[in-house]
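The sequence and the model come next.

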Amino acid sequence: MTALLLGAAMAASTQSDTKSGIHVEATYAWPERLDRGYFPVQVVVENTSQEDRQIELTFTETYGYQSNTERVLELEPGERREFEVVLPSFMPHVAGHSMSVTDEGRWLTTLSPLGPSELGTDYRGSVLLASKTAYDFEEEHTWRDRLSLSDVNATGTAAFDHLPRDPGAYTSLGLVIVDVTEGMPSADQLEGLAGWVRLGGAVVLVGDTADVHSAPVFAEWMEDRFAWEPWLDAGLLPGINTWAMGMGQLSVASPEEAAQPLTIQSIVQPSFRSEISQRLPRGTYQTGGAAPEIPGVEQLPRGAYALLMFCVAMVLGPLNAFAVKLLKRPSMMLVTTPVLAVGSTLLMVGYGLSHNGLGVQTAGYSITMLDQRNHTAATHAVRQIFFGLSPGKGLRPEPGTWHFPISPDWDFRYESSWDGGRVVSGDLVPIRAPIRQVLISEGTRRERLEFTGGQASNTLGAEIEQLVVRSGGAWYVLDEPLATGAATSLTVTEDIDAALESLWQSDTATRQSAVWPHEALDFPDGSYIARLGTSLFIDDEGVDPREVVGEHWVIGVLEGT
């Protein structure tokens, strides 16, 4: 069965067309089978005419009702644009997209199909094989043989030119294997790949360790304190260099080591158990973590409504009749009855709106990996969100923020457009109906914890409720909450297990990670874990939500260690 599924490999596929002076190309290089996350499509649009053109691109899921992504381009004569579009692959059992091209509303052409050919709930081992020039059939077949011992169900091959720059584009994969024996991808492509790994992805770089160390995005995580050994059920397998990289896994193997199926298996198995694999929803039925509930939004106040309806019935019936009879003007009922009916309806609608509020509310928990050395933060948030009113065109996530609905319905609809930035709408933004989702984000943050000689200063921007620091081989704990901007001396402790257990204790999170993403890795020196009182690192997406229930943790890497 595994061999059969591995046969579903795919090289990059490019489609193109030229109509009315507009040339378009679209390239898809990811595996044919995906079950979650987002995937990239590389797009080229060139205006070969002698006049300015306004071109609209619409990326639509094959059946035309579950995914719609739009982009509008203003092109001068002879202008050529190359960019990547990141499309969703999390709608239940729906595969394939098309790209329609229009010129100010006039249809020019459609490129189809783009994207994976098959989605489902059980394809959990999608692997991308990347190299300077895409592998030929024989090389690809050799890699598939090496991977056949592992839980790999689908592979794809891509040249470096087709690697995306957005970390979100990798979220549909379980593992990326990059052959760097002939050179490295560009700096911005490496940053996209590194961002995904920091979020919890897994990458294997096949080549010389010194060459990999020359790339700053990897070198800062290749310190001895982050090193760990991948394992098999039969025991540890030596000879492979692996480091924890943020929430993810960075491995370097020589071409000789990578040629051994057992070596690759020792990397693949843990990578499919990584943080991003555990937390992102998969397929149709797996939830990726249960979000806490916003109190009251899914509960009908039956008692209050019953009392209100009783009062309305009394006013419309006996009290209205008594008042008319008292005034001796029975014809007034032709006026009082509809007026009272409309007023009662507005009263009930107003009560319903005021009961759940008109703003944006959230409940959830988050885990952030904050690297204070280079000011990057990778965050996983599991939440329920409720929109009391429409947020205009939709949510406006920052670059590096991506949504994943938890157990979406069969008719779930995703919509995205570009209006000076990405705008997300559709069923990710239901009005007055709570939705559960996973939110991941990766970007630059300046918040930090200052720690020197047992003294901690809170410049994280939120109150620290609990704190554990490891520095100089010693363990330090916070005795009482530390306000924003405050400083205090921490206490050295020997009972670190009890301190960590207390810190991770949760009322809302059904599953928390180990202190660091891999059980085989001890808590590194020069790092800390803090429990915060507010959702400091979750993108507000332009709607300024009010959190009513929340638990938040920050795993931090200190400078100068």
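Strand 9 (residues 97-103) pairs with strand 10 in the antiparallel sense over six bridges; strands here are DSSP runs of E with at least two residues, helices are runs of H or I with at least four residues, and both are numbered from the N terminus. Two strands count as paired if DSSP finds at least two bridges between them. In this pair, V101 stands opposite T109 of strand 10.

The model is predicted: local features need pLDDT of at least 70, side-chain atom pairs count only at pLDDT 80 or more, and totals for chains, interfaces and linings use all residues. Residues are numbered from 1 along each chain as its sequence is written, and side-chain values use heavy atoms, with hydrogens and water left out.

Another open sheet has four strands in the order 2-3-5-8, and its pairing is antiparallel. Its edges are strand 2 (13-19) and strand 8, each with a single partner strand, so one side of each is left without a neighbour in the sheet. The twist from one strand to the next averages 20 degrees.

| Strand pair | Bridges | Facing residues |
|---|---|---|
| Strand 2 and strand 3 (residues 22-28) | seven bridges | D17 and V24 |
| Strand 29 (residues 464-471) and strand 33 | six bridges | V469 and Y528 |
| Strand 33 and strand 34 (residues 546-557) | six bridges | R531 and W553 |

Strand 33 (residues 527-532) is mostly covered, with six of its six residues buried, where buried means under 20% relative accessible area (1.4 Å probe, protein chains only). In a regular strand the side chains alternate between the two faces of the sheet. In strand 33, S527, I529 and R531 are buried on one side, and Y528, A530 and L532 are buried on the other.

**Helix 3**

Helix 3 has 12 residues and reaches 16 Å from its first C-alpha to its last, close to the expected 16 Å at 1.5 Å a residue; the expected span is 1.5 Å times one less than the number of residues. Nine of the 12 residues of helix 3 are buried, so the helix is largely enclosed by the rest of the structure. Among them are Q189, L190 and W196. Just after helix 3, G200 takes a positive phi of about 125 degrees.

**Largest pocket**

The largest pocket holds about 560 Å³ of space. Of the 28 residues that line this pocket, D166, P399, W402, W418 and R422 are the closest to its centre. On a 1 Å grid over the protein atoms alone, a pocket is an open set of points with protein on both sides within 12 Å along at least five of seven lines, and lining residues have an atom within 4 Å of a point. The volume is the space filled by probe spheres set on the points.

Helix 3 (187-198) supplies at least two residues of the lining, as do strand 7 (67-75), strand 8 (80-88), strand 24 (414-418) and strand 26 (435-444). Strand 8 gives the most, with four residues. The lining divides into eight nonpolar, 10 polar and 10 charged residues.

Conventions:
1 Å grid on protein atoms, 1.4 Å probe; cavity = no way out; pocket = protein on both sides within 12 Å on 5 of 7 lines; lining within 4 Å. Nonpolar A, V, L, I, M, F, W, Y, C, P; charged D, E, K, R; others polar. Buried < 20%, exposed > 50% of the residue type's maximum accessible area, 1.4 Å probe, protein only. Axes fitted to C-alpha atoms, helices over the stretch in contact; angles between N-to-C directions.
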